[in-house]
Amino acid sequence: MSQDPIATPYDYHFMLQYVSKMGKDMFGRDFVIEDVDRPVITRLLAYFLKDKAVAESEGLDLQKGILLMGPTGCGKTAIMKIMRNFCTARDRPDFRSSNEVVLDFDLRGYESLTQYTKGSFYSNGQPRVYGFDDLGLEPEGHLYGKSVNVMREVLLSRYNYFISRRMMTHVTTKLYSEELGEIYGKHIRSRMREMFNQVLFVDSSPDKRH
């Protein structure tokens, strides 16, 4: 017996066309959505549109952030920037390169991390949503001659606010969970499972860079 279609107010075929148009507007005429990537983008649309029924059918928890994984050049950062346009203002993530976060730390120390941690709230107390690109590829930070795993500090602090204040975080990475665990430790890897929905581009997703 076939399953009944999921009730949704959105036409995902149209939404994918709209994502394609938006991608061309933002990144140039060469932007295309490959057939192999459509399921991933559909999942992300369901999440960012807060389409509860479809998200649930896709195994996505709307109370968690997105950990978008995939090979180099598959378009992770571009698609997440497009997805910002489907968010309400309060849920729209500000994106930072993980490398940029570390470089800022090297200049200003722990003060530079405040905007992502205890200072990551609007005036009404609503937590700010941040996204971090290329997690796991950043160098270690340095402070007074000591090495600091900067993104580990950021993730741990945001996890604590995720538990206490429902602070949302999104991440893109080309690494697998095991590799992230090696860089940030089992402690953080365990917490990342609580913080994020894992969404994976397939390994055969082509390199979109020209």
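Student: Let us start with helix H4. How many of its residues are buried?

Tutor: In this predicted model, 6 of the 8 residues of helix H4 (residues 76-83) are buried, so the helix is largely enclosed by the rest of the structure.

Student: Which ones are they?

Tutor: The buried residues of H4 are Lys76, Ala78, Ile79, Met80, Ile82 and Met83.

Student: Take strand S6, then. Is Thr172 buried or exposed?

Tutor: Thr172, which is found in strand S6, has a relative accessibility of 0% and therefore counts as buried.

Student: What does Thr172 touch?

Tutor: Leaving aside residues up to four places away in sequence, Thr172 touches Leu68, Lys76, Thr77, Met80, Phe132, Asp133, Asp134 and Leu135. Among these, Lys76 and Met80 are buried residues of H4.

Student: Phe132 and Asp133 are on that list. Which way do the residues of strand S3 point?

Tutor: In a regular strand the side chains alternate between the two faces of the sheet. In S3 (residues 130-133), Tyr130 and Phe132 point one way, while Gly131 and Asp133 point the other way. All of them are buried.

Student: In what sense do S2 and S3 pair?

Tutor: They pair in the parallel sense, over 4 bridges. Ser97 stands opposite Asp133 of S3.

Student: Changing topic: how do helices H7 and H8 pack?

Tutor: Two packed helices are described by the angle between their axes and the distance between the axes. For H7 (residues 177-184) and H8 (residues 186-195), the angle is about 135° and the axes are 7 Å apart. The two helices are therefore oblique to each other.

Student: Which residues make the contact?

Tutor: H7 contributes Ser177, Glu178, Leu180, Gly181 and Tyr184, and H8 contributes Lys186, Ile188, Arg189 and Met192. By class, the contact has 4 nonpolar, 2 polar and 3 charged residues.

Student: Now the charged pairs. How many salt bridges are there?

Tutor: Side chains of opposite charge can pair when their charged atoms come close. The count here comes to 8 salt bridges.

Student: Which partner does Arg43 have, and where do the two residues lie?

Tutor: Arg43 forms a salt bridge with Glu58, with the closest N and O atoms 3.5 Å apart. The pair links distant parts of the chain, as Glu58 lies in the loop between helix H3 (52-57) and S1, and Arg43 lies in helix H2, 15 residues apart. Arg43 counts as buried at 17% relative accessibility, whereas Glu58 counts as partly exposed at 32%.

Student: What about Arg38?

Tutor: The side chain of Arg38 meets that of Asp35 in a salt bridge, at 3.3 Å from N to O. Arg38 is partly exposed, with 31% relative accessibility, and Asp35 is exposed, with a relative accessible area of 61%.

Student: Which residues are linked in a network of salt bridges?

Tutor: Asp104, Arg108 and Glu111 are linked in such a network.

Conventions: Residues numbered from 1 in each chain as written. Predicted model: local features only at pLDDT ≥ 70, side-chain atom pairs only at ≥ 80, totals over all residues. Heavy atoms only, no water. Buried < 20%, exposed > 50% of the residue type's maximum accessible area, 1.4 Å probe, protein only. Axes fitted to C-alpha atoms, helices over the stretch in contact; angles between N-to-C directions. Parallel < 35°, antiparallel > 145°, perpendicular 65-115°, else oblique. Contact = heavy atoms within 4.5 Å. Nonpolar A, V, L, I, M, F, W, Y, C, P; charged D, E, K, R; others polar. Salt bridge = Lys/Arg side-chain N within 4 Å of Asp/Glu carboxyl O. Pairing = 2+ DSSP bridges.
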